[in-house]
Amino acid sequence: MTNIKRFITVMSAIGIMTSASIPAVAADELKIEHLGVNNTFVRVTGDNKYLMLPVQESNDDAKINVIVDGKIAETIYVRLAKSKTDYMVPFDLSPYKGKNVILDVVTPQGRSSVREAKEDACWKGMALVDPFEIPDTETKYRPLFHHTPLYGWMNDPNGMFYKDGVWNLYYQYNPYGSKWQNMTWAHSTSKDLVNWQHEPIAIRPDGLGSIFSGSSVIDHNNTAGFGDDAIVSLYTSAGTNQMQSLAYSRDNGKTFTTYPGNPILTLESEARDPNMFWNEDTKEWNLVLAHALDHEMLFFTSPDLKTWTLQSEFGKGIGAQGGVWECPDLFQLPVDGTNEKKWVLICNINPGGPFGGSAVQYFVGDWDGKTFKADTDANGKIPTKWLDHGKDNYALVSWSDAPDGRRTAIGWMSNWQYAADVPTTQFRSANTLPREIGLFKGDDGQIYASGVPSPELLAMRDKLVVNKSGVKLSGKPSIFALPAVNDGICEILLDLEAKENEKVSMTLSNKAGDKVDMTYSVKDHTLSFDRTKSGIVDFSENFPAVTVAPTFEQNGKVSLRIFIDRSSIELFGNDGKFSMTNLVFPNEPYSTLSVSSNGGKARITTLKIYSLKN
């Protein structure tokens, strides 16, 4: 798991530190030359692997051109410290070993004189170092069993594929700070979807721009000419405009070579986040591309992953239209309990979600290799459907080549309304739990998507600390203690039965007075989640919220599976027919679960609480 011990161990190999641990630097190895009030040269010599850069979160970005042997090798943006250092980030010098390196720094802060500019904290805090260790300064909210970056900013999952027993996860990443910038593809791998190994950065910005979201496939038949079973990735190059580029890997996704013919796909308007797959029926590659500002998806075909032909569009005037359409996915699944198969089109949207900000919208329909046709409801309209009814599941996409025909997906566990303001600094954001997507038919005849936690997550269970059945509920709460170990991190299985017009209240709370209220309404067939008093909520006016999900039941019975981590709660109901993903930042860990009913006829048929392994 991404726990603290692993974090410290891996960090020692990657390099990040506090200002207190900075070693002395020889004057001839790091020379700072102030050329004006906003321009400074930092000359680097020696064989150290990293140059540590001091960051102050409240500052604007400084633009840094990295000049190697007189030529610009790359450009990065860093919120260099002015009055204080919040944390340090490493700049990797190893690609430029033995060469003359100058960082041409242009700071945005106004200065009255060079003398004043020299006083900026960043110049005194820079340091040349080799690998070292650092304490994790944010254990309070760093998840135990969710994937997180070691440090810096993370958003959309990208380019995921499964090969030779390894789940490969790439993601949008800023190596130089905990806010969005410098988008690269970072890389993590796992053999069990629980324990993640952080790998070197896979794809870095180049002359075409930053590296935005995309997808990866295994080219089993060498259609692109890069070799049998080469990993081929498409991503958005985001420069002055957005265009689609290709990179390929011959070492199972560890390193990539950018295609010299990039960009391979350009349009006259903004489009991004290419998602591709092999269509066995038509024997060609299919591609879905988000026509973001036009609120639609574009569909292309290709014989070789390099030359793409536009076939159709879908989306204008359909579904939720309150924000840009992004991060698409398209796949076929069987409908549970039938002989029918349907296609699912994922259209992540921001803003415009049902509870504000980001959300995962989807459509169910048919796909013939060129055109997507969405199913309609009884009124002949295409309904808007949501894959998660919380506020913090976005950019959800699935792994290609998942084993046993599985459709395993993962999302970014945050919301663009407040992602840059959450109360962490050393890192920002985590991924949701991986989940298996399925299809089921509702009582209204519509086909809906379900999501259940991936089976690998069962291995996280440690001890069964609560095991109750047949508990009658009343207005007086029945109280159960959460595990005392690992900050109350746990998995809860809760089966309820209630009568008409009853409401069952479930409250997670702690001694600090923080609480999360969940309410099951039999009459409304809904479950609500109230985090307005969940702990720290004042960092954004959009964070305090009540989210509501349909329970897809008609019999007063609901079955819940709830995962509590240090800064998140994920709830799956009725075999995944509904789910909620919500961040929480309690002042101290939740310690009790209280359950009560306003009707006096409800009961807990089963309650199991498992502690989770460290």
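**Exercise 1.** Find where alanine 292 lies, and work out whether it's buried or exposed.

*Solution.* Start with the chain: alanine 292 sits in the loop linking strand S18 (284–291) to strand S19 (296–302). Strands here are DSSP runs of E with at least two residues, numbered from the N terminus. This is a predicted model, where local features need pLDDT of at least 70, side-chain atom pairs count only at pLDDT 80 or more, and totals for chains, interfaces and linings use all residues. Residues are numbered from 1 along each chain as its sequence is written, and side-chain values use heavy atoms, leaving out hydrogens and water.

Next, check the surface: alanine 292 has a relative accessible area of 0%, so it's buried (buried means under 20%, exposed over 50%, partly exposed in between, with a 1.4 Å probe and protein chains only).

Finally, look for neighbours. Skipping residues up to four places away in sequence, alanine 292 touches Glu270, Arg272, Val324 and Trp325 (contact means heavy atoms within 4.5 Å).

**Exercise 2.** Describe how strand S30 is paired and why it's largely enclosed.

*Solution.* First, the pairing: S29 (residues 435–441) and S30 run antiparallel, joined by 7 bridges (strands pair if DSSP finds at least two bridges between them). For example, arginine 435 has proline 453 as its bridge partner in S30.

Then the turn: this hairpin has 5 residues between its strands, and glycine 445 takes a positive phi near 85 degrees.

Last, the burial: S30 (residues 447–453) is largely enclosed by the rest of the structure because 6 of its 7 residues are buried.

Notes: Helix = DSSP H or I, 4+ residues; strand = E, 2+ residues; numbered from the N terminus.
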